[in-house]
Amino acid sequence: MPNNVALYLSLTQMHHQGIANGALRYANAKGWRIFGAYWPMYEIGAIDAWNGDGIIAAVESAGELRKLRRAGVPIVDISGAIERDDLTRVSNDNVAIGRLAGDHIARLGYDRYCFAAAAGSLWSDERFRGFQEATAPYRRDDVAVFRRKYGWWQSPEFSPELARFLRRQKRPFAVMAANDIIGMNVVGACRLAGLAIPADVALVSVDNEELLCELSTPPMSSIPFDRFEIGFRAAERLDALMQGLIGYMPPLLIPPLPLVERASSTLLSSTDIMVNEALSYIRQNARQGIGAVEVVRQAKRSRRTLETRFKKIVGTSILEEIHRVRIGHASHLLLETTLPVSRISKDCGFNSVARFIAVFTEMTGASPKAYRQRKGVMVKE
């Protein structure tokens with residue numbers, strides 16, 4: 001008999017859709033029947049009385065966990081909102097997400113940092129911890145934190161209270177928002193406060209909800225999750241639990257994908273105008289096929305002078321920074337589109353597909369094709 005497995009997820013969310021795709025890949029290979037709250041799946045009905053074999057769920061509270069456990073079947077959590085020693089969890093490596101955001105902002109030269117947090121949510125706390133760790137060597141003061149319950153952040157009105165908090169900070173400063181919903185609130189509050197992004201405030205968020213990030217003014221830099229991997233590994237662990245091979249497994253934390261850089265974090269706060277202009281030129285033109293020669297020509301300085309100052313402040317060579325921007329965009333296109341590798345190579349500014357594959361493989365540890373396959377994106381080249 002096939003196992004009956006429930007997806008207790010909100011499939012209106014992009015994040016949960018990606019996780020469901022990963023879980024379905026494993027489920028289809030095993031011949032499971034999938035239940036859920038959305039047509040055309042088999043209906044769950046009352047989840048606490050559901051007569052199935054296992055549940056993959058976004059557990060948001062202790063009360064919700066109690067309800068799910070009344071079904072009497074194994075559960076794997078993909079949310080990471082609560083911490084329980086007796087709950088098997090596969091979720092984002094939130095500390096790594098915080099570090100990635102902190103590293104990115106620190107590269108821009110900031111020494112004052114803020115964090116917009118979802119109070120009482122484990123995932124937000126862990127992202128804050130990673131952000132603190134990454135920015136510690138660079139900041140002048142403690143990270144300034146604005147915390148509210150997640151429901152508060154979902155209000156349709158931008159907050160004068162948040163605007164006042166941001167206005168009190170000494171400019172320029174950088175903000176990490178715990179997720180894109182919170183990030184959009186920061187954008188709106190900056191507008192209320194008369195703060196310009198990114199000139200006064202650099203902003204990095206988490207989730208990379210494409211529509212939200214692109215509709216933001218300016219478009220918002222964000223860190224995407226490896227949603228497919230979370231779903232696939234959650235199903236894999238649920239399988240072991242349903243077979244009775246083990247009663248509980250420690251959390252499995254899935255690293256984030258490369259940050260997708262947009263206009264909300266494109267300026268350096270360094271006082272070195274030459275390096276700022278070079279970096280701005282790279283970010284605007286990296287996908288147009290430029291090389292270090294064009295950057296040096298734009299700066300109107302000797303290559304040795306610019307390379308030395310660039311390396312000291314940014315931490316990479318000019319060419320390495322060009323490649324970093326290109327590969328960041330390529331990673332996004334590989335996972336979020338079905339464009340062929342040849343088209344992505346061209347769109348990212350490489351003069352040949354072979355060169356693109358070589359640079360991508362060196363920087364990510366996988367070829368573009370393998371990178372896609374590993375994340376469950378199947379494209380006929």
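**Figure 1. Lys-300 in the loop between two helices.** Lys-300 is exposed, with a relative accessible area of 71%. The model shown in this and the following figures is predicted. Lys-300 sits in the loop that runs between helix H11 (292-299) and helix H12 (303-314). Phi of Lys-300 is near 60°, which is a positive value in a residue other than glycine. Most residues other than glycine have a negative phi.

**Figure 2. Asp-207 in strand E10.** A positive phi is also found at Asp-207, near 125°, again in a residue other than glycine. Asp-207 belongs to strand E10 (residues 201-207). Is Asp-207 buried or exposed? With a relative accessibility of 11%, Asp-207 counts as buried, because the cut-off for buried is under 20% relative accessible area.

**Figure 3. The protein chain as a whole, for orientation.** The protein chain contains 16 helices and twelve strands. Its radius of gyration is 22 Å, close to the 21 Å that the globule rule gives for 381 residues, so the protein chain is as compact as a globular protein of that length. The C-alpha trace spans about 70 × 50 × 35 Å along its principal axes. Of the 381 residues, 54% are buried. Among contacts with a separation of 6 or more, 67% are between residues 24 or more positions apart. The accessible surface of the protein chain is about 17500 Å², and carbon and sulfur atoms account for 51% of this surface.

**Figure 4. The seven-stranded open sheet.** The strands of this sheet follow the order E3-E2-E1-E4-E5-E6-E12, with parallel pairing. Which strands form the edges? The edge strands are E3 (42-43) and E12 (252-254), each of which pairs on one side only. Strand E5 (residues 75-77) is joined to E6 by two bridges, and E5 and E6 run parallel. Within this part of the sheet, Asp-77 stands opposite Arg-89 in E6.

**Figure 5. Strand E1 and its two neighbours.** Four of the five residues of strand E1 (residues 4-8) are buried, so E1 is largely enclosed by the rest of the structure. Strand E2 (residues 33-36) is joined to E1 by three bridges, and the two strands run parallel. The bridge partner of Ala-6 in E2 is Phe-35. Strand E4 (residues 54-57) is joined to E1 by four bridges, also in parallel. In E4, Val-5 has Gly-54 as its bridge partner.

**Figure 6. Helix H1 and the β-α-β unit.** Together, E1, helix H1 (residues 14-30) and E2 make a right-handed β-α-β unit. The 17 residues of H1 should span 24 Å at 1.5 Å a residue, and the end C-alpha atoms of H1 are 25 Å apart, which agrees. Which residues of H1 are buried? They are His-15, His-16, Gly-18, Ile-19, Ala-20, Gly-22, Ala-23, Tyr-26 and Ala-27. The buried residues of H1 pack against E1, E2, E4, strand E6 (88-92) and helix H9 (227-242). After H1 comes Gly-31, with a positive phi near 75°.

**Figure 7. Tyr-38 in the loop between E2 and E3.** Tyr-38 is placed in the loop between E2 and E3. With a relative accessible area of 31%, Tyr-38 is partly exposed. Not counting residues up to four places away in sequence, Tyr-38 touches Leu-9, Ser-10, Leu-11 and Thr-12. From Tyr-38 to Pro-198 the separation is 160 residues in sequence and 40 Å in space, C-alpha to C-alpha.

Figure 8. Most peptide bonds are trans. A cis peptide bond joins Arg-171 and Pro-172, with omega about -10°. Pro-172 is located in the loop between helix H6 (160-168) and strand E9 (173-177). Another cis peptide bond joins Thr-217 and Pro-218, where omega is about 0°. Pro-218 is located in the loop between helix H8 (210-215) and strand E11 (221-224).

Notes: Residues numbered from 1 in each chain as written. Predicted model: local features only at pLDDT ≥ 70, side-chain atom pairs only at ≥ 80, totals over all residues. Heavy atoms only, no water. Buried < 20%, exposed > 50% of the residue type's maximum accessible area, 1.4 Å probe, protein only. Pairing = 2+ DSSP bridges. Right-handed = clockwise from strand over helix to strand, strands pointing away. Rg over C-alpha atoms; globule rule 2.2 N^0.38 Å. Contact = heavy atoms within 4.5 Å. Areas by Shrake-Rupley, 256 points an atom, 1.4 Å probe, with all protein chains shown as cover. Expected span 1.5 Å × (residues − 1).
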